Amino acid sequence: MGAAQQIAYFLLHPNELRSIVQWKVWHEPVHRRDASKETPTEKSCFHYLKLTSRSFSAVIQELNPELLMPICLFYLVLRGLDTIEDDMTLDIKEKEPLLRDFHNIMEQDGWTFDKSGPNEKDRELLVHFDDIIFELKKVKKPYYAIIKDITEKMGNGMADYALNAEHNNVGVGTIKEYELYCHYVAGLVGEGLTRLFVESNLANPQLLVRMDLTESMGQFLQKVNIIRDVHEDWLDKRRFWPREIWSKYVDNWDDLFAPANREKALQCSSEMVLNGLKHAEECLFYMAGIRDQSVFNFVAIPQSMAIATLDLVFRNPAIFERNIKITKGDACQLMIESTQNLRVVCDVFRKYARRIHKKNDPRDPNFLAISAQCGKIEQFIETIFPTQDPNKVRAGLKQEEPKMDGLETFYLVLSAFATFVLIGVMMVGIAWYFGARFDQVFKGIDTKLAGTVTSSVAAVTSVVHEEL
Amino acid sequence: MPRYIEPQEAISTPPVQLVRTTTHRQLPILNASHHPQTSPITPTKPTTFTMASEKKPSLGSAMVIGGCGFLGHHVVRLLLRDYTTTSISVIDLRCTRNRRPESDGVKYYEADITDADKLISVFSEARPDVVNVDGTAAVIKACQTTGVKALVYTSSASVMSDNKSDLINADERWPTVRGENQTEYYSETKVCDTMVLYHMINIYRQGRTGVQVGNNNNLFDFTYVENVAHGHLLAARALLLTSQSSTIPLDHERVDGEAFLVTNDSPVYFWDFCRAIWAAAGSPLGTDHVRVLPRGVGMVLGFLSECFFAAIGKPPTFNRQRIVYSCMTRYYDISKAKKRLGYKPLISLDEGVRRSVKWTLEQEKVNAEKK
């Protein structure tokens, strides 16, 4: 967007500009990392964090110091793994052992990797991976064990998918496979993070018992990304939408993008949205278990962005034509609202659930199910923050006075009207009694109305007379 | 957050185990053939088991009072389908409608449930273990004198609603509305439920789907009748287990003397529900043609309509109550029934709407042919 266009946009959307300014000027991080006390390798880690992540870099840097380095390194390790997996120039024979053994490689002092393809945007990270390994050695034992465990699971998962010809050629089949894929790419990261939060005592240990809540957090984010990026992935010949869903609407995957099938494609996308939306309540439940403000911000920001993105993609034909994103202003507004407390985040979820429900179309086969799911989200929020208190409702009932029914109200209005008429008649009567000349008034009106007629008739006759 | 649910109005009258289920807005349907996959059942620990034909839970000798009525005949149908019984008997004022075929072996007795002596004689003959009822003190007395083990009493969720105040995620702790605060009691619970659908379909036929009163953010609970019947039988089963058990159940597990709310567990936005019905009835329209009428404006129009009809001395076809109703929030939290009875709706709301609309349209056709 050019500068002029941007100015025009903000003139039309002043609220968005306000949110951006508000976030940039007034946002006060809970913790701020102190670069002056950092070692060169620590600085190097944050350098690569900023280089490799657009969205997570800021929130990670504002984390509680206890978890700042562990989570930054956890992110970089997974990013390194991801760079190897993504690299199509690497032969599978070389790739597979790297992926499966990465949890051991990350223990070898001075290990670096410079065989990534020239187009890999994060190749620099692997070239200087020795800095990350150096810092990893300093991480507290329990945190390190968690990072290593997840790296191992993730690396093996990635290797399995890299070898899975069916997945790479035809894409995801059933909804179950779809959710398993989301588990490997997002659920596992969530598992690692929850364990880190609980280990550092910044979250309720109960979250470890209810791992399904963590899973929902990851599924929700990943599914939203998969729905939003459908066009981009289609261009890259990748397909993550499960056949089980899209085959109900079109026969071939490519048909989904044909303009002639837009309505079918929209119905398909709304089933995908419905499938994603089912995790929303559990995400809110998870966030209720976070005890530290910086961790809360860290988990809440992506979740709010995700529900806003779901609203953006819902029944939006643009997702089949180009890549769409929430605007910067909306993103800032969401960040402001996600860095406060659970109640505000619940309000965000309710607001977007209602926006989704407003766009819902009765002709869509998923219409009532989507309405019910939005209702479920609202109902869940109601169980956390009830608006009604049964005791107050009980008290309110007792005080209530008997109300009038329709007929009574009608008589009341009628009698009021009759009173006005009566007063009017009396006033006129009294005025007449005291000598008001109403005959003159009526005569006046008469001449004003009828007089015009008589005078014009008179004028005509006078003309006629003159001619004679 | 899970909330502790206090037992509300313990009305247990030993030796009869009594449970009150409170239902909400039932949708009519006939001849459904649905096979539940799983149905959790024991009241103490909700474990899941499959209702395969060889492992149907037993309810002993069961009696359904009002078993020829709308809800009652669904209870009878589910009894035959999902449970094993030694006998099924039905008491109703008239037993001509909604009868099961002779081959099902259901015994029908015509009796007035306010007539205690008659009831006792029927009870002594039918010897029920479980009674499903829609009735009065005479029934309780008859149960006590003839040694009935379990009694499930049906109420309506309207006992909690005054038809104008919102009920937001209400559960069994909410107060019941009695006497003057309660309006339209009978019409609301018995007649309207089956008529609502007919009226809604008519609104579509008359092309009046283009107006929405209020902002449509108000959630409403609707319940499909088969789910209500299912809730009743789960309660009956839980009561029987309680009476057979030698230990007294813990407070948070008990079923006897407790009230339970039963809905479809799926509140939806009021106008969305209407639109789903219109769509099921064949409406090809989306929401582009819909105009939103603010609630205040609707109230003024409703009032004017009432004045007009009062002046010409006829009951108004359009009034403020309808505006209030379409803008009201009314949905329930049924965690208690889910936890203690293992209740889960058998038929989804979506499916319920489809079946109900189909049934209503078929009924219409049948009635038209009669004429």
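Let's start with the transmembrane region. UniProt, in an unreviewed entry, places that feature at residues 410-434 of chain A. UniProt positions follow the numbering used here, feature names are shortened, and annotations may be inferred rather than shown by experiment. Over residues 410-434 of chain A, the chain is 96% helix and 0% strand. The end C-alpha atoms of that stretch are 36 Å apart. Helices here are DSSP runs of H or I with at least four residues, strands are runs of E with at least two, and both are numbered from the N terminus.

A word on the source. This is a predicted model: local features need pLDDT of at least 70, side-chain atom pairs count only at pLDDT 80 or more, and totals for chains, interfaces and linings use all residues. Residues are numbered from 1 along each chain as its sequence is written, chains are lettered from A and ligands numbered from 1 in the order in which they are written, and side-chain values use heavy atoms, with hydrogens and water left out.

Next, the interface. How many residues does the contact take from each chain? Chain A gives 38 and chain B gives 46. Contact means heavy atoms within 4.5 Å. The area buried between the two chains is about 3,400 Å². Carbon and sulfur atoms give 58% of that area. Buried area is the accessible area, with a 1.4 Å probe, that two parts lose on being put together, summed over both.

The rule finds one salt bridge across the interface of chain A and chain B. K376(A) pairs with D265(B), and the closest N and O atoms are 3.7 Å apart. A salt bridge needs a side-chain nitrogen of Lys or Arg within 4 Å of a carboxyl oxygen of Asp or Glu. The rule also finds twelve residue pairs in polar contact across the interface of chain A and chain B, with both residues at pLDDT 80 or more. A polar contact is a pair of N or O atoms within 3.5 Å; within protein, one must be able to donate a hydrogen and the other to accept it, and residues adjacent in sequence count only if both atoms are side-chain atoms.

Which helices of chain A supply at least two residues each to the side that touches chain B? They are α21 (342-359), α22 (367-384), α23 (390-399) and α24 (406-433). α22(A) gives the most, with 13 residues. By type, that side of chain A divides into 18 nonpolar, ten polar and ten charged residues. Nonpolar here is Ala, Val, Leu, Ile, Met, Phe, Trp, Tyr, Cys and Pro; charged is Asp, Glu, Lys and Arg; the others, Gly among them, are polar.

On to chain B. Chain B has ten helices and 15 strands. Of its 371 residues, 55% count as buried. Buried means under 20% relative accessible area, exposed over 50%, partly exposed in between, with a 1.4 Å probe and protein chains only. Take the contacts in chain B with a separation of 6 or more: residues 24 or more positions apart account for 76% of them.

One backbone point in chain B. N216(B) is not a glycine, yet its phi is positive, near 60°. N216(B) sits in the loop between β9 (211-213) and β10 (219-220). N216(B) is buried, at 2% relative accessibility.

Back to chain A, and a glutamate. Is E271(A) buried or exposed? Buried, at 10% relative accessibility. E271(A) lies in helix α17, residues 262-277. Its side chain makes a polar contact with the side chain of K248(A) at 2.7 Å. Another, of 2.5 Å, joins the side chains of E271(A) and Y249(A). Leaving aside neighbours within four places in sequence, E271(A) is in contact with I245(A), K248(A), Y249(A) and N366(A).

Last, salt bridges. In one of them, E179(A) meets K223(A) at 2.6 Å, N to O. That pair links distant parts of the chain: E179(A) in helix α12, K223(A) in helix α14 (residues 211-228), 44 residues apart. E179(A) is partly exposed at 21%, whereas K223(A) is buried at 0%.

In chain B, D82(B) and R81(B) meet at 2.9 Å, N to O. Both are buried. Salt bridges that share partners join R77(B), R81(B), D82(B), E226(B), E351(B), R354(B) and R355(B) into one network.
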